[in-house]
Structures are given as C-alpha cells and as structure tokens.
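My notes follow in the order I took them.

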Amino acid sequence: METDMSLEYLSFRSNIPCRKIVLDDSEKVWTIYDGGPKTIRSPLICLPPVSGTADTFFQQVLGLSAKGYRVISLSWPVYWSVNEWCEGFRKLLDFLQLDQVHLFGASLGGFLAQKFAEYTHRCPRVLSLILCNSFTDTSVFQYSDSAPFLWMLPSMVLKKMVMGNFGGEKMMESVVADSVDFMVERLESLSQAELASRLTLNCGSSYVHVDKLQQYCITIIDVFDDCAIASPVSEDMYRSYPHASMAHLKNGGNFPYLSRCDEVNLHLQVHLLRFERTRCKAGGSNFSD
C-alpha cells in the first residue's frame, strides 16, 4: 500500500491538525503539525530534507506522541540564505513560546539544525541534535558555483536534480520503494521558488563550525545501504562529533524515518530518555501534567 494512503497516514491527517503560521509578512508562512502534550515546553522538532514537507515525519509525530512526547513536524517558507532561515526559525520558536527545543533533522534539515545550534550558541535555543543522513559542509554536493543561479531554473529541472539522488532505478525492497514514492509526491507539491530556495540552502557555500557544537548531546542516524549521502560524508560526521551516539541502520535508503520508522523512533526515544527526568524533557512515560 502506498504510504500516503496507509491507515497510519490517514490517521495522522485526521487527528493532527495542520497549522499555518505567518511570520514577518504574508509570504513567510510556516506549516506545522504539532502532536502530543502542549504543556511540554521542550518538544522534538523535525526538519525535513530538500524534498520534504511538514507531513514527512508523520510516523514520528504519531508514534512518539502516543508515548507522551510532544513532536512538531514542519516545513518552512522561501529563504535564500542560511542566516535568513535561522532568523526565521528563531522567530517561529518565539511565536510558539518555545525557549529551547530538541531538533531532529534529515539531510538538509540536519544541516540547518546544526547551523541553528551554531547561530544561537551564545544564548542556546537547542538542547540536543539528532542528525539523519546529514552533513556538515555543503561542498560535498559540488554545486556551489551554480547555486547562485538555481533561482532561475524551471521547476522540472530542479526536481530532476533532487530525484537523481533517490535511487529510483535500483532494486529496492517494497518499504524503501514506498518511502521514495511518498517523497516524490512531497517533491511534486513544492513550488519552483520553494524548491530553488531549498537547493540554494543545500548547495550554497556553507559549513558548520563544529567546534561550537561539541557541548551538545548529539545522535547520528545513518544507513548502511545506498543513500544520497556517500560514505566519506558520513565519516566526516563521525569525526566532527567524536562524542556523538551512533545509530546505524542496516538499511532504509534515503528516508529511514519512513521505511524504518519503528527503528528510528526507538533511537529517538533512547536519545530523549536522558532528558526525561529534567525540565528539558520532550515528554515520555514519566510525563505528567
């Protein structure tokens, strides 16, 4: 069964309201799904990859909110620079009255999570990081020279750039193929400006000052099968955060939070467990109003 027609997805859309939040001006509209106890002030916020939308992490919102965690999955409006994105995200947290949060980011979402932790490191807004198939330096994509011109490319060309990393022609098991199909549908829903701006953030010359992030509690989730993030990039992540917890999945492709959601959710719980008896908890079995 296709993921976006599954009972889990239909349950998600039926039970978790979609909320639109306008910041700065009418063009800056954030989309969020907010599941779990609203009294939790340090939720887990999920940041999608280039092709993702706010419902990309529906399995995490459903699965973890059922266990007492507050989980917010979101997508952002058009931002053309990392600093602009970080300032917009800071304003979103202010609007939601969230002082500090845990961030779970996939690919570009993971990169932006690191950059936001760096951006706010003098007055921390990030409690911890979970990075899935992510990276610390955009130069690995070798598009930095063309990044300033991505805004001019038609939507079809931009989509082909993204889908070239999906591995669509390779043999893959059904759950991985379903996750690719789901993300292709998300990709198709993005406007030219949304996609061009995300690719600009993904490919423009930028890197994480990892020395500013060593004090954070970090878990790195990656897969051992084919995905868009090559082994040298993963190895760079390990070197950048030598004290990080490692969560290796045997397989799962580019989108393990869809194809291996139970395993990913377990790793998220293990990560958040260390905060469960503190004021920084995202919820869990010990949560009570």
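This is a predicted model: local features need pLDDT of at least 70, side-chain atom pairs count only at pLDDT 80 or more; totals for chains, interfaces and linings use all residues.

Entry 1: I began with Lys159, which counts as buried because its relative accessibility is 13%, under the 20% cut-off. Next I asked what Lys159 pairs with. I found a salt bridge to Glu188, with the closest N and O atoms 3.2 Å apart. Lys159 belongs to helix H5 and Glu188 to helix H6, so the bridge ties together parts that are 29 residues apart in sequence.

Entry 2: I then looked at the loop between helix H5 (155-163) and helix H6 (174-188), where I found Met172. Met172 has 27% relative accessibility, so I put it down as partly exposed. I took one distance from there: the C-alpha atoms of Met172 and Ala106 are separated by 20 Å, and these residues are 66 apart along the chain.

**Entry 3: other salt bridges.** How many salt bridges does a search of the whole structure find? I got 12.

Arg70 and Asp34 make one of the pairs I looked at, with their closest N and O atoms 2.7 Å apart. This bridge links distant parts of the chain, 36 residues apart: Arg70 sits in the loop between helix H2 (58-65) and strand S4 (71-75), while Asp34 is in strand S2 (residues 29-35). Are Arg70 and Asp34 buried or exposed? I noted both as buried.

Arg260 and Glu263 also meet through their side chains in a salt bridge, at 3.7 Å from N to O. I have Arg260 as buried, because its relative accessibility is 14%. Glu263 goes down as partly exposed, because its relative accessible area is 36%.

I also came across a network of salt bridges that links Glu87, Arg90, Asp94 and Arg125.

**Entry 4: H3 against H4.** I checked how helix H3 (residues 82-95) and helix H4 (residues 108-119) are set against each other, and their axes come within 10 Å and cross at roughly 75°. I therefore wrote H3 down as roughly perpendicular to H4. On the H3 side I listed Val82, Asn83, Trp85, Cys86, Glu87, Phe89, Arg90 and Leu93 as making the contact. The H4 side brings Phe111, Leu112, Lys115, Phe116 and Tyr119. Sorting the residues of this contact gave me nine nonpolar, one polar and three charged.

**Entry 5: cysteines.** How many disulfides does the structure hold? I counted zero. I wanted to know why, for a couple of cysteines.

For Cys46, the closest cysteine sulfur is in Cys132, and at 11 Å that is too far for a bond. Cys46 counts as buried because its relative accessibility is 0%.

For Cys280, the closest cysteine sulfur belongs to Cys217, and here too I read 11 Å, too far for a bond. I put Cys280 down as buried, because its relative accessible area is 12%.

Definitions and conventions
Residues are numbered from 1 along each chain as its sequence is written. Side-chain values use heavy atoms; hydrogens and water are left out. Helices (H or I, at least four residues) and strands (E, at least two) are DSSP runs, numbered from the N terminus. Buried means under 20% relative accessible area, exposed over 50%, partly exposed in between (1.4 Å probe, protein chains only). Axes are lines fitted to C-alpha atoms, for helices over the stretch in contact, and angles run from 0 to 180 degrees between N-to-C directions. Angles under 35 degrees count as roughly parallel, over 145 as roughly antiparallel, 65 to 115 as roughly perpendicular and the rest as oblique. Contact means heavy atoms within 4.5 Å. Ala, Val, Leu, Ile, Met, Phe, Trp, Tyr, Cys and Pro count as nonpolar, Asp, Glu, Lys and Arg as charged, and the others, Gly among them, as polar. A salt bridge is a side-chain nitrogen of Lys or Arg within 4 Å of a carboxyl oxygen of Asp or Glu. A disulfide is a pair of cysteine sulfur atoms within 2.5 Å.
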